[in-house]
Amino acid sequence: MAENHSKHPSATSFHLIVLSLISTLAAVESNPFSRNLSPSSLGLKKPEKLSHLHFYFHDVVTGKNLTAVRVSQAPTTTNSSPFGEAVVIDDLLTVSPDIGSKLVGKAQGIYALSTSLAEASLLMAYNFAFIEGKYNGSNLSELGRNPVFSAVREMPVIGGSGVFRFARGYAEAKTHTLDL
């Protein structure tokens, strides 16, 4: 681990630079586990497509059929201050606000609750795993901050698989119903 010494504030930076140079030099050597690929072999020369998906995300935190479960919490976490709590999710994605409507996929991943001492916000890291139509078997990955009481929240889409390979973009979240 790098240490920060107040007498020599540049010591940490120096070590990082040396490690970066060593990593760069190591990358020049041929490795049996890596090779150069052409962008066209990965489909990167194709024109980009813009997709607009609209679905409802059901995060069930109480009752018999939970889809979100707390897996850890800080010693200071309380009901009135959930700061430091981690939750694993396997939430339904449906075509309408009705949880019994057509299932198009699942939101699977984790969120940290609450990641701010000043407001209710989550750090969300999850995949939208689709099971319907041309998106069946494809995933979108999202990682970002979700200030839950804001009317509209924007989170980055950081990748995907299947038809969403190399995806980038953003997701907007709006709360339809909140039942505590």
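Lys-49 sits in the loop between α1 (11-28) and β1 (56-58). Helices (H or I, at least four residues) and strands (E, at least two) are DSSP runs, numbered from the N terminus. The model is predicted: local features need pLDDT of at least 70, side-chain atom pairs count only at pLDDT 80 or more, and totals for chains, interfaces and linings use all residues. Residues are numbered from 1 along each chain as its sequence is written, and side-chain values use heavy atoms, with hydrogens and water left out.

Lys-49 has a relative accessible area of 80%, so this residue is exposed. Exposed means over 50%, buried under 20%, and partly exposed in between (1.4 Å probe, protein chains only). Lys-49 and Ala-167 are 118 residues apart in sequence, yet 9.5 Å apart in space, C-alpha to C-alpha.

## Positive patch

Lys-46, Lys-49, Lys-134 and Arg-165 form a positive surface patch. Patch residues have over 30% relative accessible area and no salt bridge, and like charges are joined within 9 Å. Lys and Arg count as positive. Each charge is placed at NZ of Lys or CZ of Arg.

## Strand pairing

The chain has 1 helix and 8 strands. Of its 180 residues, 23% are buried.

Strand β3 (residues 85-94) runs antiparallel to β1, joined by 3 bridges. Two strands pair if DSSP finds at least two bridges between them. Tyr-56 has Thr-94 in β3 as its bridge partner. Strand β2 (residues 68-73) also pairs with β3 in the antiparallel sense, over 5 bridges. Here Ala-68 partners Ile-89 in β3. Strand β4 (residues 103-113) and β3 pair in the antiparallel sense over 10 bridges. Ala-86 stands opposite Ala-112 in β4.

## Salt bridges

The whole structure holds 4 salt bridges. A salt bridge is a side-chain nitrogen of Lys or Arg within 4 Å of a carboxyl oxygen of Asp or Glu. One of them joins Glu-85 and Arg-70 (3.5 Å, N to O). This pair links distant parts of the chain: Glu-85 is in strand β3 and Arg-70 in strand β2, 15 residues apart. Glu-85 is buried at 12% relative accessible area, whereas Arg-70 is partly exposed at 48%.

Another salt bridge joins Lys-106 and Asp-90 (3.3 Å, N to O). Lys-106 lies in strand β4 and Asp-90 in strand β3, so the pair ties together parts 16 residues apart in sequence. Lys-106 is partly exposed at 25%, and Asp-90 is partly exposed at 32%.

Technical notes. Patch = residues over 30% accessible without salt bridge, like charges linked within 9 Å, V, L, I, M, F, W, Y side chains within 5 Å. Areas by Shrake-Rupley, 256 points an atom, 1.4 Å probe, with all protein chains shown as cover.
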